[in-house]
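Please keep the model in view while going through the points.

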Amino acid sequence: MKIGNLEINGNVFLAPMAGVTDKVFRQLCREYGADFSYTEMVSGKGLKYNSKNTEFLLERGKGEIPYGVQLFGSDPYILSEMMKRLEDKGVELFDINMGCPAPKIVKNGEGSALMDKPQLVGEIVKKCSDGVKVPVTVKIRKGFSCVNAVEIAKICEESRAAAVAVHGRTRDEFYSGSADLNIIKEVKDAVKIPVIGNGDVTDIKTAEKMFKTTGCDAVMIGRGSLGNPFIFREINSCLKNGISPEPPSYEERLETALRHMYMLIDYKGEHIAVREMRSHLGWYIKGLKGAAAARTEINKAETPERLKEILARLFD
């Protein structure tokens with residue numbers, strides 16, 4: 001598909017997720033077939049004031065071509081300035097987060113809170129789009145204090161956004177209940193720019209339902225990829241070739257989980273990696289017999305050797 005002047009070879013995307021989609025996880029998902037990926041959301045202000053952690057989040061993963069960066073903030077000038085800076089470093093697409101429901105983001109008037117300020121939305125998107133040559137896209141929700149995804153999407157289009165991603169829940173719903181596919185369809189019917197459907201895509205059936213119900217141009221997979229980078233292989237194999245691949249074997253799941261861990265150790269060091277892998281491994285073992293007890297052990301583990309031992313026993 002094409003977003004602005006950027007050609008993307010496919011339409012199954014990995015969603016940006018704070019604390020999850022670091023360059024290691026993005027690399028794994030790309031290897032398993034994700035057609036596009038974004039960094040974790042990065043603070044425009046943090047980047048402007050040279051936050052060390054912010055620069056860390058911006059590292060491109062191996063094979064991550066093209067490469068998208070998601071920024072959040074509410075100051076059009078800061079966001080535009082930071083996009084200009086990053087464009088010179090090779091970023092091929094920028095996404096503006098206007099969908100995050102987290103209280104610490106919302107209380108600063110950022111993330112999904114921006115949907116209650118349509119005029120500011122237009123100012124941010126226009127300033128950013130006019131300032132760079134690469135595409136600028138926007139990720140929104142069904143609404144914040146009211147359902148206004150269609151209105152916001154139209155404003156984004158008028159302000160030269162190259163695409164809009166829509167999560168089918170309001171801010172108050174966070175991730176509960178079911179995503180509203182009808183609101184995504186309404187947005188798709190209202191704008192001419194590409195629309196990316198987001199929410200509850202967990203397998204080929206839900207991906208096909210998203211495409212069929214909404215008419216969206218691409219799907220964006222978030223929680224369905226947790227501990228499951230294989231989802232991209234499954235969906236793309238079915239969509240592109242009409243072939244449903246075998247689900248990952250226990251051996252492949254174990255091998256991928258361990259590779260994930262050792263890649264993360266190389267990237268962040270053993271101390272941080274072991275603690276971050278506790279969550280990832282809890283997702284990798286979901287559904288296995290004995291997973292609940294193993295998860296308790298994983299959350300107490302302090303070394304990669306101990307994590308490997310727990311996994312080997314569970315997958316045996």
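1. A charge is said to sit over a ring if NZ of Lys or CZ of Arg is within 6 Å of the ring centre and within 35 degrees of the ring normal. Arginine 141 places its charged end over the ring of tyrosine 175, at 5.0 Å from the centre. Lysine 48 lies over the face of tyrosine 49, 5.9 Å from the ring centre.

2. The model is predicted: local features need pLDDT of at least 70, side-chain atom pairs count only at pLDDT 80 or more, and totals for chains, interfaces and linings use all residues. Residues are numbered from 1 along each chain as its sequence is written, and side-chain values use heavy atoms, with hydrogens and water left out.

3. Five aromatic pairs are present in the structure. Rings of Phe, Tyr and Trp (its six-membered ring) pair if their centres lie within 6.5 Å; planes under 30 degrees apart count as stacked, over 60 as edge-to-face and the rest as tilted. Tyrosine 32 and phenylalanine 230 form an edge-to-face pair, because their ring centres are 4.9 Å apart and their planes stand at 75°. Tyrosine 32 lies in the loop between α1 (23-31) and β4 (42-43), and phenylalanine 230 in the loop between β10 (218-221) and α10 (231-241), so the pair ties together parts that are 198 residues apart in sequence. Here helices (H or I, at least four residues) and strands (E, at least two) are DSSP runs, numbered from the N terminus.

4. Tyrosine 32 is buried, with a relative accessible area of 15%, and phenylalanine 230 counts as buried at 4%.

5. The rings of phenylalanine 36 and tyrosine 38 have centres 5.0 Å apart and planes at 90°, so this pair is edge-to-face. Both phenylalanine 36 and tyrosine 38 are buried. Ring pairs join Phe13, Phe36 and Tyr38 into a cluster.

6. In helix α7 (residues 149-158), the residues Ala149, Ile152, Ala153, Ile155 and Cys156 are buried. They cover an arc of only 160° around the axis (taken from the directions from the helix axis to the C-beta atoms), which puts them on the same side of α7. The buried residues of α7 pack against α6, β7 (136-143), β8 (163-170) and α8 (181-190), where contact means heavy atoms within 4.5 Å. Arginine 160, which follows α7, has a positive phi, near 80°.

Terms used. Buried < 20%, exposed > 50% of the residue type's maximum accessible area, 1.4 Å probe, protein only.
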